[in-house]
Amino acid sequence: MRIEPQILDDFKTDRAEIAPPLPQAARLIPILFYICVAASLILFIIFTINLTNATRQRDQFRAKTQQAQSELNTLRNERASLEAKAKRATDLQLWTECTRPIQPLIVAIARSLERDASIAELYFSRNSASQQNLDFRIRLNSTSQTQLDKVINRLLEMRYRAYSPEQKYVRGQIEFQATLIYQQKELLREEEQTPTAAQSQLPSS
Amino acid sequence: MNTKQAAAFLVAFAALALLYALSLFRTQVTLREKELQQAQSESVAAATALTQEKIQLEKLKATTESYLRYLEAWEPHFSSLNNAQSAELSISLRLKSANLLTLAQRYERINAKFGEAIPAIMRASLSIEDNYVSVLNWIGLIEEELPTLRTASISITKGERPNDIRTELVFEVPLIQ
């Protein structure tokens, strides 16, 4: 007796498919996934190396910049200090320009006097407009122009030139006044050329 | 969605997530490289500024050398009399030791600025009558021993006795900061 296959199939229940097969294109998904993993791994290594190098170099440059900045600040402070010292030196020099001794002038004038001449009054004062210059006034007990010329020549020998001179004769005396201006060559080498007071010491009588 | 589709979706999602994480990391690296470029240009700028500053400082040292020597030579003289008391003492003691007849002496501190370095001066007004040699020698010595002192004015007239002179002196001593 022929048993119908259908009857034998009746012992098996119909199984529904769990999942239909995926389309053929879906085979690419795992392939792409593996490619992604491999590429990511390689790129990750490369990026990590780049990041490390970039970080290291960046820190080196920053350290160099900081050091350069620190040196720059030091140099700027040094420059400011030098400028302040130069300014101070200029201020002090302006003062010392006005401290040339007057006693040598007085002694030179006294030594220029002739036997019959004498000084009634001698006056020196710092010029108010320019402290380096001197307001000078002398009254000689003499009417000799020669004597006055000797005085002016002595002042010239001491490198003082008389400007705006005024001269008059009053009761047998010559009165002369002028502004004395020091003739200087170089500003900072004055002290060697100006005669010191020691050279102008008078012997005690 | 069946399990096979879900699995395929998950795998695709994982691949995309991996690519996204990689792109984020790449952004970090790009940012770091930009920081590197900026740090490099800042370093170059700082080095240039430093070189220029060094050149300017050398030039300044060359031009101020004479001023520094001047300051080195004169500062001690200014510093030795930098207050009114020491300035007054230095003149009055010398006057006393010279034994000159002093008719009057007055000392006053004057706040008059002579540049930034000299905010005040000490002014001594003296009236002396004695032998002309002694007086002139004394004036010469004080002008030599106190090089920062300046004779603001001096007036000489005849004194009472034959060889005497009457001298009205005004000395000024700088009181530096």
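How many residues of chain A are in contact with chain B? In this predicted model, where local features need pLDDT of at least 70, side-chain atom pairs count only at pLDDT 80 or more, and totals for chains, interfaces and linings use all residues, 67 residues of chain A are in contact with 71 residues of chain B, contact meaning that the C-beta atoms of two residues, placed from the backbone, lie within 7 Å. Residues are numbered from 1 along each chain as its sequence is written, and chains are lettered from A in the order in which they are written.

**The side of chain A that touches chain B**
- At least two residues each come from α2 (28–96), α3 (103–111) and β1 (119–126) of chain A, where helices (H or I, at least four residues) and strands (E, at least two) are DSSP runs numbered from the N terminus.
- The most is given by α2(A), with 41 residues.
- By kind, this side holds 37 nonpolar, 17 polar and 13 charged residues, with Ala, Val, Leu, Ile, Met, Phe, Trp, Tyr, Cys and Pro counted as nonpolar, Asp, Glu, Lys and Arg as charged, and the others, Gly among them, as polar.

**Strands across the two chains**
- Strand β1(A) and strand β3 (residues 150–158) of chain B run antiparallel and are joined by 5 bridges, while two strands pair if DSSP finds at least two bridges between them.
- A:Ser125 has B:Ser153, in β3(B), as its bridge partner.

**Domains of chain A**
- Chain A is divided into domain 1 (27–96) and domain 2 (103–184), with bounds from an automatic or database domain assignment.
- The C-alpha centres of these two domains lie 72 Å apart.
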